[in-house]
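Thanks for coming. I will walk through one structure today, a few residues and helices at a time.

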Amino acid sequence: MQCTEDPSPAVPADKAAVALKGFRHIMAQWGCTEAEQKQLLGLSQTEFDELTAEKSAEMPGQLLQRISYLMGIVRALDTLYPSDDRAAERIRKPTTDEPFCGLSPLAFMLADPQEGPRLTRRYFDWKAQDN
């Protein structure tokens, strides 16, 4: 699989498989559609199909970084909320908190798949530290 914007080295297949398993779990927990998943990862339909079909393929480093942001968000949400359902609700709940400006955290990430996940993770890490 290629990622045109990714100058970082590829991630070995074993690490890619772990990241993809985590990503799938998060997407199921949040109830994300396939279109939302592709957008969060910054992949075309073909690239997404390759990623989800291949069991032991390398992964571009940029893709691993995006997944790691999502994993960090989940970790922070687990600290803040007592149940997976509450955490999933929070990711889809609109908020006026910065940087979301009235969007839900998920909508914010989808609106800017490059910076949105990084900023969302920073926000939830900050909230979890405050907890």
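Gln29 is part of helix H1. Keep in mind that this is a predicted model. Is Gln29 buried or exposed? Gln29 is buried, because its relative accessible area is 17%, and the cut-off for buried is under 20%. Leaving aside neighbours within four places in sequence, Gln29 is in contact with Val74, Asp84, Ala87 and Ala88.

Take Ala88 from that list and go there next. Ala88 sits in helix H5. With a relative accessible area of 13%, Ala88 is buried. Apart from neighbours within four places in sequence, the contacts of Ala88 are Gln29 and Trp30.

Now the whole of H5, which covers residues 84-92. Which residues of H5 are buried? They are Ala87, Ala88, Arg90 and Ile91. These residues lie on the same side of H5, because they cover an arc of only 160° around the axis. On the face turned away from that buried side you find Asp85 and Glu89, both exposed. What do the buried residues of H5 pack against? Their partners are helix H1 (13-30), helix H4 (61-80), helix H6 (105-111) and helix H7 (116-130).

Next is helix H2. Its buried residues are Glu36, Gln37, Lys38, Leu40 and Leu41. That set is covered by elements that include H1, H3, H4, H5 and H6. Following H2 comes Gly42, with a positive phi near 70°.

Let me stay with H2 and bring in H3. Helix H2 (residues 34-41) packs with helix H3 (residues 45-53) at an angle of about 95°, and their axes are 10 Å apart. So H2 is roughly perpendicular to H3. Which residues meet in this contact? From H2 there are Glu34, Gln37, Lys38 and Leu41, and from H3 there are Gln45, Phe48, Asp49 and Leu51. Sorted by type, the residues of the contact are three nonpolar, two polar and three charged. Two of the H2 residues to look at again are Gln37 and Lys38: both are buried, and both take part in the contact with H3.

The next stop is the loop between H5 and H6. Pro99 lies in this loop. The peptide bond that joins Glu98 and Pro99 is cis, with omega about 10°. Cys101 lies in the loop between H5 and H6 as well. Cys101 is not a glycine, yet its phi is positive, at about 50°. As background, most residues other than glycine have a negative phi, and most peptide bonds are trans.

That leaves the cysteines. How many disulfides does the count come to? The count comes to zero disulfides, where a pair would need its sulfur atoms within 2.5 Å. Cys32 is buried, with a relative accessible area of 10%. Cys101, in contrast, counts as exposed, because its relative accessibility is 56% and the cut-off for exposed is over 50%.

Conventions. Residues are numbered from 1 along each chain as its sequence is written. This is a predicted model: local features need pLDDT of at least 70, side-chain atom pairs count only at pLDDT 80 or more; totals for chains, interfaces and linings use all residues. Side-chain values use heavy atoms; hydrogens and water are left out. Buried means under 20% relative accessible area, exposed over 50%, partly exposed in between (1.4 Å probe, protein chains only). Helices (H or I, at least four residues) and strands (E, at least two) are DSSP runs, numbered from the N terminus. The arc is that of the directions from the helix axis to the C-beta atoms. Contact means heavy atoms within 4.5 Å. Axes are lines fitted to C-alpha atoms, for helices over the stretch in contact, and angles run from 0 to 180 degrees between N-to-C directions. Angles under 35 degrees count as roughly parallel, over 145 as roughly antiparallel, 65 to 115 as roughly perpendicular and the rest as oblique. Ala, Val, Leu, Ile, Met, Phe, Trp, Tyr, Cys and Pro count as nonpolar, Asp, Glu, Lys and Arg as charged, and the others, Gly among them, as polar.
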